[in-house]
Amino acid sequence: KIDTLVGFFAIDEKPTGSKDPYALRRAALGVIRLIVENKLRIAVGRIFDFALSQVDGHISATADLARLAEAEEFTKRHPSATSIIGMDVSLRSTGIRGGKNYDRRSWDLLDFIADRLKVALKEKGVRHDLIAAVFALGGQDDIVDLLARVDALGKFLGTDDGANLLIAYRRAANILKIEEKKDGRAYDGVPDAALLAQAEEKALTARMDLVEKDVDAAIRAENYPAAMTALARLRTPVDTFFDKVTVNADDPKLRANRLLLLNRIRRTMDRVADFSRVEG
């Protein structure tokens, strides 16, 4: 099934609209089913890269033979010719996502697999925006791991803490979007502890120090429910921060520092999934 997908993508024969004459969508679903049912922990992008290298090698060999035959014919017609111009065929064009460097066609195939996965999950009642939120992290090509993240995210958003934290995330993201556009800059630095003027922003910072460590540890251990549980501990200090602290303070230094703190909230949550992709 992978050879079929890779072969047709290598020659740019992809399904368009409702047309899929080579049943590539069915092949993609078959790949997904085999991986999920057997709980195969594999990087699909690496497999695509390897398969493409085999296809490219065959194409290169065929092209070299054609060029050699052409050169031999040339030398027959021009006996004084003393050299043959070689041919170096390279179809690879790489791209980096999530720290992974794959053939661009492998990324195209992963996007295709992602679309089929969304369809398969939707048929099972799983929200398509949740898988989009996880895929948006970039470089997600371990399907079993991805589904574990999606499952944990769905359960988290089904809790009061998850639903309320999503609201807080959107509030922080909207404020940042407005103020960054107004100021013509991104607030992506580190907040200055010396500029934390109110108890509520100090408490939020202290809680985030702990939560970030717990989230990182949980992700490394692939314990996504634990990562969500860690995020849930942000709800109370985040709610209190928005109730008691004026982000757009008159003092420009305080204002900038509070915007940096909002970005820290957004960045911390986005380590688990891109919450901006979550609908509803």
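Me: Is aspartate 216 buried, partly exposed or exposed, and what is its relative accessible area?
Reply: In this predicted model, buried means under 20% relative accessible area and exposed means over 50%. Aspartate 216 has 28%, so it is partly exposed.

Me: What do the side chains of aspartate 216 and arginine 271 form?
Reply: Side chains of opposite charge can pair when their charged atoms come close. Here aspartate 216 and arginine 271 meet in a salt bridge, with N to O at 2.8 Å. This pair connects distant parts of the chain: aspartate 216 belongs to helix α8 (residues 199–220), arginine 271 to the segment after α11, and 55 residues separate them.

Me: Where does the salt bridge of glutamate 179 lead?
Reply: Its partner is arginine 255, and the closest N and O atoms are 2.6 Å apart. This too is a link between distant parts of the chain, from glutamate 179 in helix α7 to arginine 255 in helix α11, 76 residues apart. Both glutamate 179 and arginine 255 are buried.

Me: How do I check the length of a helix, and what span should α6 have?
Reply: The expected span is 1.5 Å times one less than the number of residues. For the 15 residues of α6 that gives 21 Å, and the end C-alpha atoms are 21 Å apart, so the two agree. Helix α7 (residues 160–183) has 24 residues and reaches 34 Å from first C-alpha to last, close to the expected 34 Å.

Me: What happens at the start of α6?
Reply: A side-chain oxygen of aspartate 142 comes to within 3.2 Å of the backbone nitrogen of valine 144. Aspartate 142 is also one of the residues in the salt-bridge network.

Me: Which residues of α6 are buried?
Reply: They are Ile143, Asp145, Leu146, Leu147, Arg149, Val150, Ala152, Leu153, Phe156 and Leu157. Asp145 and Arg149 are both in the network described above.

Me: What covers the buried residues of α7?
Reply: The cover includes α6 (143–157), α9 (224–232), α10 (235–244) and α11 (252–269). Among the buried residues of α7 are Leu165, Leu166, Tyr169, Ile175 and Leu176, and also Glu179 and Glu180.

Me: Which residue just after α7 takes a positive phi?
Reply: Glycine 184 does, at about 70°.

Me: What is the phi of aspartate 12, and where is aspartate 12 found?
Reply: Phi is near 60°, a positive value in a residue other than glycine. Aspartate 12 sits in the loop between α1 (2–10) and α2 (24–37). Its relative accessibility is 54%, so aspartate 12 counts as exposed.

Me: In which loop does lysine 39 lie?
Reply: Lysine 39 is in the loop between α2 and α3 (44–77). Although not a glycine, lysine 39 has a positive phi of about 50°. At 63% relative accessibility, lysine 39 counts as exposed.

Conventions:
Residues are numbered from 1 along each chain as its sequence is written. This is a predicted model: local features need pLDDT of at least 70, side-chain atom pairs count only at pLDDT 80 or more; totals for chains, interfaces and linings use all residues. Side-chain values use heavy atoms; hydrogens and water are left out. Helices (H or I, at least four residues) and strands (E, at least two) are DSSP runs, numbered from the N terminus. Buried means under 20% relative accessible area, exposed over 50%, partly exposed in between (1.4 Å probe, protein chains only). Contact means heavy atoms within 4.5 Å. A salt bridge is a side-chain nitrogen of Lys or Arg within 4 Å of a carboxyl oxygen of Asp or Glu. A polar contact is a pair of N or O atoms within 3.5 Å; within protein, one must be able to donate a hydrogen and the other to accept it, and residues adjacent in sequence count only if both atoms are side-chain atoms.
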